[in-house]
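Work through the exercises below with the structure open. Try each task before you read its solution.

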Amino acid sequence: MNRFEYVRAGTVAEAVQAFASGAESRFIAGGTNLVDLMKYNVERPDRLVDITRLPLDSIEEHEGGLRIGALVTNATAAYDERVQARYPVLSSAILAGATGQLRNAATMGGNLNQRTRCYYFYDEATPCNKRQPGSGCAAIGGVNRIHAILGASEHCIATHPSDMCVALAALQATIRLAGPEGERQLAIADYHRLPGDAPQQDTNLKPGEIVLSVDLPAEDFSRHYTYLKLRDRLSYAFALVSVAAILELDADVIRTARFALGGVAHKPWRDAEAEALLQGRAPTREVFEEAADHVVRHAQPQSQNAFKIELARRAIVRGLTQAAAGTPQPLSDKRIA
Amino acid sequence: MAHSISIDGVDRHVGAARSRVDGPAKVTGLAKYAGEFDAPDLSHGYVVSSAIAKGRITAIDASAAEAVPGVVKVFTHENRPRTAWLDYNYQDQVAPPGSPFRPLYDDKVHYSGQPVALVVAEDFDRARYAASLLRIGYEAEAPETDLTRQQDLAYVPPKKRSGIKPPPGARGDADGAFDAAPVRLREDYRQAPEHHNPMEPHASTVVWEGDGRFTVYDKIQGVSNSQSYLMAVFGLKKDDVRVISPYLGGGFGSGLRPQYQLFLAMMAAQVLERSVRVVLTRDQMFSFTYRPDVLQTVAVAAAEDGRLQSVRHDAISGTSRFEDYQEVVVNWSGILYECENVSLNYKLAQIDTFTPGDMRAPGAVTGVFALEMAMDELAYATGQDPIALRLRNYTETDHTEDKPISSKELRACYAQGAERFGWQARNPESRSMRDGKELVGWGMATGVWEALMQKSSAQAVLTADGRLEIGNSTADLGTGTYTILTQIGADTLGLAMEDVTVKLGDTSLAEAPLAGGSWTAASSGTAAMRACREIAAQVFTLARGMENSPLANVDFERVAFRGGRIEVTDDPSRSVTLIDAMRAGGLDRIEAMGSAESDPGQMKKFSHYTHSAIFAEVKVDEELGQVRVTRIVSAIAAGKILNPKTARSQILGGVVMGIGSALHEESMLDHRLGRFMNHNLGEYHVPVNADIYDIDVIFVDEEDQANPMGVKGLGEIGIVGTAAAIANAVYHATGKRIRHLPITIDKVLE
């Protein structure tokens with residue numbers, strides 16, 4: 001861990017300004033990922049701007065939906081009654097991740113900005129384009145059973161590790177930002193990016209921008225939803241594949257279908273065409289399989305992760321089945337519904 | 001009862017469930033571990049690890065690191081002090097044959113993660129920061145860490161490792177009998193390499209006492225091993241180095257050999273004439289010993305009725321380039337069952353990693369997994385119940401040594417385990433049982449481990465206030481050694497447990513062996529009992545010699561030690577308190593030594609083993625590949641159980657670790673880099689609470705004469721066979737034989 005300067009900001013404007021005056025500044029809130037990365041010498045900030053005192057820690061009604069402040073902890077958001085009642089898929093996704101201790105410290109904004117768990121990214125003894133642009137990707141041809149099958153590039157095959165963001169993708173949340181040039185909004189779909197030839201950039205945040213809130217739309221997806229996560233042990237492991245699914249059913253017809261995958265790409269993965277295939281159809285296994293086949297049609301396996309293609313296909317089918325039946329994946333019973 | 005501790009044959013604490021005497025210190029943080037001891041002017045060393053697996057260091061630029069304020073010194077191979085020259089001096093008490101790794105010896109890199117520098121600074125954070133500024137140039141060669149590519153070069157180790165029996169010679173004609181038998185199976189089995197990952201990372205605090213004398217706090221499973229290593233390597237006299245290790249946060253074998261942080265801390269302390277602490281990071285816990293990769297083939301053949309005609313077990317184990325690590329992998333296949341034609345073969349092949357090492361039930365976890373899966377396959381091939389097949393081939397003889405087994409209540413393990421589990425309700429057909437979306441599978445396996453005893457001594461002191469202190473240099477890895485020695489002392493002298501103190505892990509105490517091999521209860525327990533009996537005899541002599549002694553003319557055999565008194569067994573009204581006896585004798589303290597070692601006559605006549613039967617229930621969501629181990633019954637035959645509470649905990653821990661082997665644990669090598677890649681606890685998966693459901697432990701009655709207390713040890717037996725029972729249950733559930741552990745989602749989907 002390198003030596004750094006530490007400043008605490010009292011307002012958003014102060015935070016943005018304090019950030020700009022360092023050459024390699026980082027905002028810090030819960031620190032559950034950043035501090036690890038600093039210990040591994042992956043992040044070497046010269047200045048930490050502590051934003052934990054900013055007034056961004058409330059959950060408020062907003063245009064019929066909810067506005068969740070960037071500093072609301074993952075635990076607070078997941079257990080909030082309004083979130084549980086109106087966006088249970090988000091609550092479920094958050095609680096599928098990490099551990100109680102981590103969720104108590106981690107924030108909404110931090111979760112959005114957490115970095116990949118690629119082994120090579122964390123190990124400075126190995127090449128990694130995300131850590132050190134131009135050094136190469138050792139995961140390609142290496143130990144890659146946890147890596148991407150969709151949207152990867154020859155420069156990077158890392159995945160985004162968040163569970164929360166997968167639910168936010170399905171919910172079509174909006175991320176509100178502030179930066180040196182003022183406030184703006186990004187749709188969750190535009191927040192994270194694919195690696196392309198610049199895998200060092202995880203998101204479309206501009207330098208010095210800070211997350212203010214996560215805004216959830218005024219839709220009700222409390223009846224037909226699920227968050228299904230498949231992993232190498234039954235808790236405290238990142239997803240090999242996860243599915244957040246929300247459906248609106250009218251009698252026996254799917255009116256709206258939205259689903260996103262975690263653990264398969266550099267960002268939460270949505271496929272608009274596959275969702276469109278579900279529109280107006282009956283919620284049957286055949287229909288779900290059609291959509292699932294569509295999602296994985298362009299999937300590209302790495303040397304050790306071909307199984308993830310079939311696993312993703314089956315997880316989509318099961319996830320949509322759970323959502324349609326109104327039997328979401330329970331969190332405490334590790335039996336898959 | 002054949003084995004009692006009390007003089008009068010009525011044990012009060014031994015055999016009864018007692019809570020850990022070290023529990024309160026551990027849960028309140030009072031218990032200190034090697035990296036927590038402090039010293040005036042303590043400096044901190046941070047290890048820099050090699051980025052390459054093979055090659056040499058061409059340059060080390062330490063200028064930026066040395067310029068950091070607070071940095072004391074950067075040690076590399078270029079400026080290290082001279083230490084002992086001969087390999088012999090580096091061979092610790094359990095070293096395998098070969099040339100032990102010497103930290104900072106020269107510019108050669110033997111494995112990925114090898115320590116290549118030690119940065120010593122005034123505090124830990126400065127040392128860690130300065131370490132990140134070292135610039136090291138390498139000339140890398142291509143490493144070879146893929147055992148499958150080295151197996152053609154496998155060899156029978158020319159020199160055997162002390163204490164490890166090589167496979168016995170062939171008996172009968174295994175290959176001929178195999179070809180002639182009506183039922184034949186031959187399959188390959190493999191278990192992923194595993195790292196021990198105790199909670200507490202390895203650490204050493206070396207305290208400079210002046211005049212070349214040191215007190216060393218080390219994470220080690222036996223302080224005498226660290227002490228003799230330091231003496232030999234650094235030319236120290238026994239009086240110059242005292243090693244202390246009161247508690248371990250788990251060891252599982254990783255603390256048997258002195259590890260490189262001890263060498264580095266002592267080296268720095270000696271040069272700097274100053275106290276130094278070196279604590280490894282979690283990532284660096286993947287930079288030394290591990291359970292080796294082993295390629296196994298088991299061929300079994302039987303008559304139609306399941307009677308074994310031939311057993312052949314071949315194993316090729318990975319080892320390092322510099323030491324021939326050996327463990328007992330294949331011998332179990334000649335011990336567990338009756339068979340006239342047996343061929344057991346064990347070879348090594350070298351790869352560019354650190355030397356593998358003993359990890360909980362070393363060799364047995366690996367070999368018994370393969371054998372017990374093969375036996376399950378044979379049960380299906382002959383259409384028999386898996387227990388019936390094992391009973392058909394049951395033996396009371398160890399044919400590898402041609403000796404009867406001293407005691408083997410394995411039949412009772414099968415019977416009681418099966419009953420508790422409800423085995424009789426099992427439909428033998430695979431894929432026949434379901435619970436909702438999940439397939440249900442029931443599998444079982446046998447476990448076996450050696451019942452060993454080592455030469456040990458113990459000291460005991462009874463003081464005038466009626467308190468007893470027992471001590472020796474062995475370690476309590478968290479298993480309950482403090483507690484059972486307290487029980488033994490309390491029962492021998494008729495004291496309350498609160499009046500007994502046990503001290504362990506200090507070279508100033510009576511010499512005892514490393515804690516490993518499940519031999520500590522038998523070895524240190526017997527020595528402690530004898531030391532306490534010697535005190536009992538002495539205090540009795542004092543009591544009888546008192547003026548008008550109520551014990552006058554009473555023999556030692558006719559007294560009981562109860563409630564702090566010596567009483568006539570059949571007339572408790574005649575008694576003397578221990579305190580009065582000592583006062584009358586004018587003594588402040590009575591000291592005694594006890595020793596123990598295995599009886600050569602008994603060893604010559606019998607083989608000694610611990611046995612178990614493990615029953616597992618799994619539920620498998622076949623479509624998604626998820627396996628849950630929903631129930632385990634482990635029935636154990638381990639002789640006398642000194643403390644059912646700590647004993648049960650040991651088995652629970654072994655079972656959980658077995659679940660880890662079966663479903664989770666895997667150190668993943670990148671063969672191009674020669675590096676274990678998932679080197680942290682986020683990505684190296686051990687079971688978490690969510691993975692653990694019901695575990696039921698049964699101890700069956702077993703009388704054994706192997707040692708004076710009749711105990712066999714429990715540290716390892718809980719893990720042996722557990723993975724096979726689970727893998728067999730997965731087959732029963734799904735019809736899929738997964739012979740390569742761990743059973744992860746991808747393998748279930750295949």
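Chain B holds 18 helices and 31 strands, taken as DSSP runs numbered from the N terminus (helices H or I, at least four residues; strands E, at least two). This is a predicted model: local features need pLDDT of at least 70, side-chain atom pairs need 80 or more, and totals for chains, interfaces and linings use all residues. Residues count from 1 along each chain as its sequence is written, while chains are lettered from A and ligands numbered from 1 in written order.

**Exercise 1.** Compare the radius of gyration of chain B with that of a compact globule.

*Solution.* Step one: apply the globule rule, 2.2 Å times the number of residues to the power 0.38, for a radius over C-alpha atoms. Step two: 750 residues give a value near 27 Å, and chain B has 27 Å, so the two agree. Step three: the C-alpha atoms fill a box of roughly 85 × 70 × 50 Å along the principal axes.

**Exercise 2.** Find the strand order of the open three-stranded sheet in chain B.

*Solution.* Strands pair if DSSP finds at least two bridges between them. Two bridges join β2 (residues 55–61) of chain B to β4(B), and these run antiparallel. One partner pair is B:R56 with B:K108 in β4(B). The order is β4-β2-β6. In chain B, β4 (108–109) and β6 (135–140) are the edges; each has a single partner strand, so one side of each lacks a neighbour in the sheet.

**Exercise 3.** List the residues that A:A244 touches.

*Solution.* Contact requires C-beta atoms, placed from the backbone, within 7 Å. Leave out residues up to four places away in sequence. The partners are A:V89, A:A93, A:V166, A:A167, A:A169, A:A170, A:Y227, A:F259 and A:A260.

Technical notes: Two residues are in contact if their C-beta atoms, placed from the backbone, lie within 7 Å.
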